[in-house]
Amino acid sequence: MASSRHSPVSERLGVRIALILISVAFMALFLLLPLVAVFSEAFRSGFGAYLAGLNTPDAQAAIRLTLLVAAIAVPLNVVFGICASWAIAKFEFKGKAFLITLIDLPFSVSPVISGLVYVLLFGGGSVLGPWLKANGVEVLFAVPGIVLATIFVTFPFVARELIPLMQDQGTNDEEAALSLGANGWQTFWRVTLPNIKWGLLYGVLLCNARAMGEFGAVAVVSGKIRGQTTTIPLQVEMFYNEYNATAAFALASLLAMLALVTLVLKTVLEWRFGDEIAASGH
Amino acid sequence: MEVRVSNVRKEFDGFAALKDVSLDIRSGELIALLGPSGSGKTTLLRLIAGLEMPSQGKIFFGDMDASEKTVQERNIGFVFQHYALFRHMTILENISFGLKVRPRARRPAAGEIRRRAMELLDLVQLSGLEKRYPNQLSGGQRQRVALARALAIEPGVLLLDEPFGALDAQVRRELRRWLREMHDRTGHTTVFVTHDQEEALELSDRLCVMSQGAIEQVGTPDDVYDRPASPFVFGFIGESSELPVTVGNGELLVEGRSIGVPVPAARPGPARLFFRPHDVDLVEGDATLAGAVHTSRRVGGTRRVELDLGPANHRVEIDLPFDHPAGERSQLSFRPRRWQLFPAS
């Protein structure tokens, strides 16, 4: 009997083919097609128009701002992430469970609300806002606000990657280093950091992709001042609303490429260092 | 170096893992901390290392009070059960680590560090593996690297936490013998933790039996085996059987009947009799311990017989040579040849 020849948990050939086809069709329709559309729109008027679209002052300013925001937010989140996961994984303290929950907050809160929180905190009606403004610091509708919102939204990526990894590795390696005479700093640089480097890189990659692509939270705090507070995602929307499709898609293609590069690097990391990366190792 | 643990108490969140423990470790000896899990043996080792700090009491290294010193200042070598080798470093880098992290004033030159690491690699019989990474080595090899790494800093005391616990039986026996030879050659004061009594008996000069955060007995392996200080030690070290008895008329009575064992010096009243399965004589007669054979299994060169004694069916174990004719019988009688009495609890 044919049915007795395959394992009880695998389906018949027809069912298997149907399932695979459905998945592939779904992916093609919802993921691949938009990606292709972005690039084909971007290059519709030729490579020259594509470059021209990227070369406008607004587009250039958006690219610079996005790079700047990522260059500030990602390193800060690396430091915060390592601190938080170190604290959580390597010693016991009161309120630890609360801290773990708090780290996940940005994932469960809508980015728009994250942005609104900063408006409430630093806006004209708040206590802090007018005081800062009087002292010459603009937060809202300026770069600091965008950086803050981005840090908030991307905070969990590094920490969530490192916590399970560091918990898994325990403290024996650090204790060994200390017993051999290393001080705390040497132990961190020579033992702890090398132990977590691939997991950290993986977290940084995801964090960076999100930092550059964040729309909602940034849109609320940016004020969308042309050439000053528009990041790439915001500029894409502005171009599009102005019927400048080529420029919009040219800029969008940069984000799409970032996504593709991230995906490739992520896959390579998972394939090569899967057991040292918490997300795929657990 | 001598190590003196003086009235040390250690609490974790209000739970006393060690209660008022004192122990003198002699210079150059190999001493085992032996006990079941939860007995506090690892805690004691980590306190000596400085990886934990005592809640009360002091620890002396020679004449120096080490209680307040950090783990770095104590200059100890620590070997972990799961090796804790640095996985991103080669074997040579692992062994050199302790010398490389020294402040410049005390750090040997790079060539000297390398020479010493290679020497240690040779000592642990792993020459030629210096460029490998820990995950390319077997468990036994890794533990030898861990030991070489600990020895590299020329520690005053060597501390090993269940060093062979993660290895299979064959490798464990081999490494045990090897560690003994290493110790005899280098003469480090060595403390190792184990829950394996065979390991402790075979390897150590003295052993310290622990239970529930306290020391039960400290002595040579023969001392502890032949003259256990408490029912716990008797039961934990080696095989043993226990029987409730009464002392009366200068002899032992089991359920009112004499078993032919005189005890002129014992205090009359109820007591607990302990004996080892191999310390018995098969005898015929009335004044014996007699019982029905419950199971009889051959274990290698001996036959282990479980007997149910008397009307109360007290289960005891005795050993016979595997080819002894009595092994076929359904009733056996015997007397313990060597035994020990403890007060009834």
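Chain A and chain B bury about 1,700 Å² between them, 59% of it on carbon and sulfur atoms; buried area here is the accessible area (1.4 Å probe) that two parts lose on being put together, summed over both. On chain A's side, Ser179(A), Leu180(A) and Arg190(A) supply 37% of the area that this chain buries against chain B, more than any other three residues. Counting by contact (heavy atoms within 4.5 Å), chain A puts in 17 residues and chain B 20 residues.

Before going on, some ground rules. This is a predicted model, where local features need pLDDT of at least 70 and side-chain atom pairs count only at pLDDT 80 or more, while totals for chains, interfaces and linings use all residues. Residues are numbered from 1 along each chain as its sequence is written, chains are lettered from A and ligands numbered from 1 in the order in which they are written, and side-chain values use heavy atoms, with hydrogens and water left out.

Two salt bridges turn up across it, a salt bridge being a side-chain nitrogen of Lys or Arg within 4 Å of a carboxyl oxygen of Asp or Glu. Arg87(B) and Asp173(A) form a salt bridge through their side chains, at 3.2 Å from N to O.

Which elements give two or more residues to the side of chain A that touches chain B? They are helix H8 (172–179) and helix H9 (184–213) of chain A. H8(A) gives the most, with seven residues. Helices (H or I, at least four residues) and strands (E, at least two) are DSSP runs, numbered from the N terminus.

Now look at chain A by itself: it has 13 helices and zero strands, and its C-alpha atoms fill a box of roughly 65 × 60 × 35 Å along the principal axes.

Finally, step back to the whole structure, where a search finds 39 salt bridges over all chains. Within chain B, the side chains of Arg116(B) and Glu112(B) meet in a salt bridge at 3.9 Å, N to O. Why are these two about one helical turn apart? Because Arg116(B) and Glu112(B) are four residues apart in helix H4 (residues 110–123) of chain B.
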